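Please keep the sequence and the model side by side while reading. The paragraphs below go from the whole chain to its sheet, and then to single residues.

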Amino acid sequence: MDRKIKVGIIGCGGICKGKHLPSITKIDYIEVVALCDIIEERALAMQDQFGLQDAKIYTDYKEMLKDESIEVVHVCTPNRSHSFISIDALEAGKHVMCEKPMAKTSAEAKAMCEAAKRTGKKLTIGYQSRWMRQYQYLKKVCEDGELGEIYYARAIALRRRAVPTWGVFLNEYEQGGGPLIDIGTHSLDLTLWLMDNYEPEMVVGSSFKKLGDQKNTANAWGDWDPEKYTVEDSAFGFVRMKNGATVSVESSWALNVADPMEVTTLLCGDKGGADTMHGLKLNYVKNGTQCIETPNFKAGGVAFFDGASGDDNCEIEARAFYDAIINDKEVPTKPEQAMVVTQILEAIYESAKTGKPVYFD
């Protein structure tokens, strides 16, 4: 690169601090020129922490979007505002990386996809778990047909007592839900991506708030405030795909489960199976014998994306997105894929409320 790509950040909370800025500030051809947050002190804190003294500070994202020098915007706000901020940024001529989940509703997600097509700008959604070494390896296994036809899968995101008590995580209005839309979305995205199956036919769902009103919870981040806990503490879904494949979706922040697992998937095909419950395991039959293969990801090797460490999946995700911009390629995490994830999550919530299945056209 003979120039720097100028970037603006909208939303300077935890995901900006923990993922986006640590990732993109490692890329030498990126210059963060603007930081925006409705609370100015948060933007100023990010400016100081990451040494971005030349970046302009905004409290109104629409004012930031008027800066024609900004080519890329990262949307790191609560879920409620993902859609309209991303659409405004696309309409302003910016490429957009929006944090997961894509949106609160499928209608909002569809509008984001339409805006990207209309403007010709790149839009991707922050599903960084795809870039973990074990999932890059497993994706190649699936693409090579080693598992055969995958007809049963589990998307697992189960915490025992790890309810996020900061920000707006417990606020249904801002977030659209609890663990299902927060961490279940990662496991569901991984599972559909590995299956390469984005055609749901029917969804049945259940959600529970059985522990949210309790106190003395032994929560990892301290007791939550039951008065502010307006989302589910666990949610589950049964998804039947149009080709007959079945996906079980399991999510919780608080659940009496002895063996919690997060960002986990299980795949069963007619030639073999795989799961990431305790590291990646592949299972198959060879020479009339049941075999289990456990790839070694600690042996080092070539980075999965040129210029990245090979271990920082967030940095690899960012580099892949910017590579798509620079070389005018399709983004690795397509908005149409993320839209299907949102459709299924929305259907699980709807089914849980109505007690009825949700059917797709």
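Helices (H or I, at least four residues) and strands (E, at least two) are DSSP runs, numbered from the N terminus. By that reading the protein has 10 helices and 15 strands. The radius of gyration, taken over C-alpha atoms, is compared here with a globule rule of 2.2 Å times the number of residues to the power 0.38. The protein has a radius of gyration of 21 Å, close to the 21 Å that the rule gives for 361 residues, so it is as compact as a globular protein of that length. The model is predicted: local features need pLDDT of at least 70 and side-chain atom pairs count only at pLDDT 80 or more, while totals for chains, interfaces and linings use all residues. Residues are numbered from 1 along each chain as its sequence is written, and side-chain values use heavy atoms, with hydrogens and water left out.

The C-alpha trace spans about 65 × 50 × 40 Å along its principal axes. A residue is called buried under 20% relative accessible area, exposed over 50%, and partly exposed in between (1.4 Å probe, protein chains only). Of the 361 residues in the protein, 54% are buried. Accessible areas come from the Shrake-Rupley method with a 1.4 Å probe, and for residues only the protein chains shown count as cover. The accessible surface comes to about 16,300 Å², and carbon and sulfur atoms account for 48% of this surface. A contact means heavy atoms within 4.5 Å. Among contacts between residues at least 6 apart in sequence, 72% join residues at least 24 apart.

For charges, Lys and Arg count as positive and Asp and Glu as negative, with His and the chain ends not counted. Each charge is placed at NZ of Lys, CZ of Arg, CG of Asp or CD of Glu. The protein has 42 positive and 53 negative side chains, and the centres of the two sets are 2 Å apart.

Next comes the sheet. Two strands pair if DSSP finds at least two bridges between them. Nine strands form an open sheet with mixed pairing, in the order 14-13-12-11-7-10-9-8-15. Strand 14 (289–293) and strand 15 (358–359) stand at the edges with a single partner strand each, so one side of each has no neighbour in the sheet. Strand 15 pairs with strand 8 (residues 200–208) in the antiparallel sense over two bridges. There, Met202 stands opposite Tyr359 of strand 15.

Further into the order, strand 7 (residues 150–158) is joined to strand 11 (residues 261–269) by seven bridges, and the two run antiparallel. Ile156 has Thr264 in strand 11 as its bridge partner. Strand 7 is also joined to strand 10 (residues 246–252) by seven bridges, this time in parallel. In this pairing Tyr152 stands opposite Thr246, and Leu158 is bridged to Ser252.

How many of the seven residues of strand 10 are buried? Seven of the seven are. Both of its faces are covered, with Thr246, Ser248, Glu250 and Ser252 buried on one side and Val247, Val249 and Ser251 buried on the other. Strand 10 also pairs with strand 9 in the antiparallel sense, over seven bridges, and Val239 stands opposite Val247. Strands 9 and 10 form a hairpin with four residues between them, and Gly244 in the turn has a positive phi of about 95 degrees.

Some backbone details lie in the loops. Most residues other than glycine have a negative phi, and most peptide bonds are trans. The peptide bond from Lys100 to Pro101 is cis, with omega near -15 degrees. Pro101 sits in the loop between strand 5 (95–99) and helix 5. Ala218, in the loop between strand 8 and strand 9 (234–241), has a positive phi near 60 degrees and is exposed at 67% relative accessible area. Asp328, in the loop between helix 9 (313–326) and helix 10 (335–354), has a positive phi near 50 degrees and is exposed at 63%.

Two helix residues complete the tour. Ala107 belongs to helix 5 (residues 106–119) and is exposed, at 57% relative accessibility. Asp189 belongs to helix 8 (residues 179–195) and is buried, with a relative accessible area of 1%. Leaving aside neighbours within four places in sequence, Asp189 is in contact with Tyr127, Arg130 and Val341.
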